[in-house]
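We will take one stop at a time.

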Amino acid sequence: MRIRILKKEADNILVAASKENVRVGDYILVSEGARRLVLQIYDERYLDVEGIEEEIAREEVLSASAQGVVEDPLDLSSVSTLIRDMRILVCKARGTIEKGRLSPRIDWVPSRANSKISRIMVNELSSSIAPLGRRKIKVGKVDSSFDFSLAAEALDGRITVITGRKESGKSHLAKMLLRGLLEYGAYSLVFDLNDEYDTVGLREDGTKSSVAGRVVVLRPGRELRFSLSSVGLRPVVSLLTHSLEMPGTSLREFVKIWESIQSRGELSMRGLEEAIQQWRCNELVRDAMHARYHTLLSSGLFTDSPERQFDLEKFFASREEGAALVLSLGGVSPLNRRMVVEMILSKLVELLEQRAIPPVFLLAEEAHLYLRETYWEDLITRMRHFGVFSIFVTNQPDAIDQKIYRQVDNIFLYNFSNEADLSLVSQASMVDAETVRAIVRTLPPHTCLLLGHAANNLPLVIGVNPFDSPSSGVTRRFFGDIDLQRMVE
Ligand SMILES: Nc1ncnc2c1ncn2[C@@H]1O[C@H](COP(=O)(O)OP(=O)(O)O)[C@@H](O)[C@H]1O
Ligand SMILES: [Mg+2]
């Protein structure tokens with residue numbers, strides 16, 4: 001192999017390579033005695049030899065003016081061609097392999113004269129790392145040709161972010177992960193902003209995969225309606241406080257009314273309305289309660305009909321083989337979205353605290369559009385503790401606070417066209433900003449950079465596989481395919 005260590009510059013190690021078929025993101029191994037230093041290429045440049053530009057220029061002039069008079073008895077031109085073709089691979093040390101085990105040690109520099117250097121494939125690297133789990137979700141390819149699977153366990157108990165520009169493949173990947181989780185019998189809740197997760201159980205030809213029956217799509221106000229008694233006081237109070245900004249005094253009266261009608265066995269929307277009218281209280285307080293009552297009523301999210309109400313606890317109890325509950329938020333007004341999310345999350349945590357349901361993976365697309373500010377931290381701290389493991393999908397990386405990024409375990413990064421997004425993401429991620437910036441910029445379509453726990457903290461460039469599912473959730477267009485065909489004809 002024609003690569004050599006050139007020098008160390010700050011924490012970069014520069015390697016000279018000629019005719020070596022390596023790319024940004026690939027790994028290199030430098031062996032010296034029993035130790036091996038693992039390097040990752042994150043940037044490339046040309047060798048900057050003194051006078052090389054002048055020489056190139058001279059050769060150009062010569063070959064243009066003196067055609068046919070090419071004499072080079074010592075074959076010097078091929079040497080200079082070699083030098084000119086020489087690339088510098090800018091690398092970062094990622095760890096040390098000693099006795100077959102990888103550790104994050106990078107506090108030594110191999111000798112320039114006595115070390116041997118070679119390419120190492122991600123698969124070989126993995127053999128020196130204890131596996132994260134045995135439930136594999138096939139995701140794509142590494143080193144252009146080797147299969148890469150993610151351990152489902154790497155998402156379990158963890159926070160994951162999938163980000164990149166529009167149309168880069170984020171939802172595509174999220175669907176693959178979701179199907180994988182379903183195959184292993186996990187429970188997921190999906191906040192589906194573009195109504196595209198309904199097909200996650202189907203194959204491309206429309207037939208059902210083994211998990212099709214585990215995917216349940218509910219539209220708020222239609223299949224998804226709650227009754228006051230199945231939701232309970234806490235989620236409703238949380239909705240009134242956070243989504244409908246009900247003042248404290250009114251809220252206290254509301255709780256009294258609730259308790260009173262509950263003790264009489266009249267806990268229903270109808271019972272609530274009557275009680276608000278008859279309740280002895282300040283008129284302003286009554287008005288405040290009344291206004292909220294009407295918002296709840298007109299949202300269509302509540303029903304008194306026992307057959308039409310959705311019960312989250314029963315949903316889990318009746319599905320032993322795992323399930324994905326897809327909340328289809330596409331056509332839902334922003335206020336209703338926030339109300340549904342508030343109630344579902346609050347109910348979820350209540351049930352998890354009581355250990356009434358198993359842990360749940362929460363897949364949230366563009367969560368900043370419906371998740372209130374204070375929920376973010378709650379999700380990554382308290383809620384994670386009780387068993388909500390979030391996967392945030394967004395094309396607006398700045399919608400996620402830096403504080404949150406610091407707690408994230410796994411990041412899937414797709415390409416960004418926008419410099420500001422790229423800087424933000426590179427600073428927020430768990431590897432040095434330089435690496436992320438340089439690699440993400442070069443990512444081809446359908447390729448992402450995986451950072452963090454799921455990659456054993458070795459940044460991995462993954463070419464994501466196609467997903468065997470009907471395409472859905474495509475952005476509506478005015479000019480469809482038909483027009484295109486006509487134009488071609
Ligand atoms: N790895 C992939 N292989 C093949 N097609 C892909 C891949 N990733 C994404 N696509 C396709 O590209 C389009 C955009 O992907 P999508 O996941 O919807 O993007 P995003 O959610 O980032 O906006 C979709 O039609 C999707 O099917
Ligand atoms: Mg998407």
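**Stop 1: around the ligand**

Begin with helix H4, residues 170-183, which gives 3 residues to the shell around ligand 1, the largest share. Now show the whole shell. Which residues come nearest to ligand 1? Among the 13 residues around the ligand, they are Gly-169, Lys-170, Ser-171, His-172 and His-446.

**Stop 2**

Colour the chain by pLDDT: the mean is 88, and 89% of the residues reach 70 or more. Then select residues 482-489, where the pLDDT is below 50. Beyond near neighbours in sequence, that stretch has 0 contacts in the model. As a rule, coordinates predicted with low pLDDT should not be read in detail.

**Stop 3: helices H7 and H8**

Next, select H7 (residues 248-263) together with H8 (residues 269-278). Their axes lie 10 Å apart, and the two helices pack at an angle of about 125 degrees. H7 and H8 are therefore oblique to each other, and their crossing is right-handed. To see where they touch, show the side chains of Ile-257, Ser-260 and Ile-261 on H7, and of Gly-271, Leu-272, Ala-275 and Ile-276 on H8. This contact of H7 with H8 has 5 nonpolar and 2 polar residues, with no charged ones.

**Stop 4: H7 again, now with H9**

Which residues of H7 meet H9? Look for Thr-249, Ser-250, Glu-253 and Phe-254, which meet Val-285, Ala-288 and Met-289 in H9. By class, the contact of H7 with H9 divides into 4 nonpolar, 2 polar and 1 charged.

**Stop 5: helices H15 and H16**

For the last stop, select H15 (residues 419-428) and H16 (residues 433-442). Their axes come within 8 Å and cross at roughly 135 degrees. H15 and H16 are therefore oblique to each other. Is their crossing left-handed or right-handed? Turn the view to check: the crossing of H15 and H16 is right-handed. From H15, display Leu-422, Val-425, Ser-426 and Gln-427; these meet Ala-433, Val-436, Arg-437, Val-440 and Arg-441 in H16. The residues of this contact of H15 with H16 are 5 nonpolar, 2 polar and 2 charged.

Definitions and conventions: Residues are numbered from 1 along each chain as its sequence is written. Chains are lettered from A and ligands numbered from 1 in the order in which they are written. This is a predicted model: local features need pLDDT of at least 70, side-chain atom pairs count only at pLDDT 80 or more; totals for chains, interfaces and linings use all residues. Axes are lines fitted to C-alpha atoms, for helices over the stretch in contact, and angles run from 0 to 180 degrees between N-to-C directions. Helices (H or I, at least four residues) and strands (E, at least two) are DSSP runs, numbered from the N terminus. Angles under 35 degrees count as roughly parallel, over 145 as roughly antiparallel, 65 to 115 as roughly perpendicular and the rest as oblique. A crossing is left-handed if the near helix is turned anticlockwise from the far one by less than a right angle, and right-handed if clockwise. Two residues are in contact if their C-beta atoms, placed from the backbone, lie within 7 Å. Ala, Val, Leu, Ile, Met, Phe, Trp, Tyr, Cys and Pro count as nonpolar, Asp, Glu, Lys and Arg as charged, and the others, Gly among them, as polar. A residue is near a molecule or strand if its C-beta atom, placed from the backbone, lies within 6 Å of it. pLDDT is the predictor's confidence in each residue, from 0 to 100.
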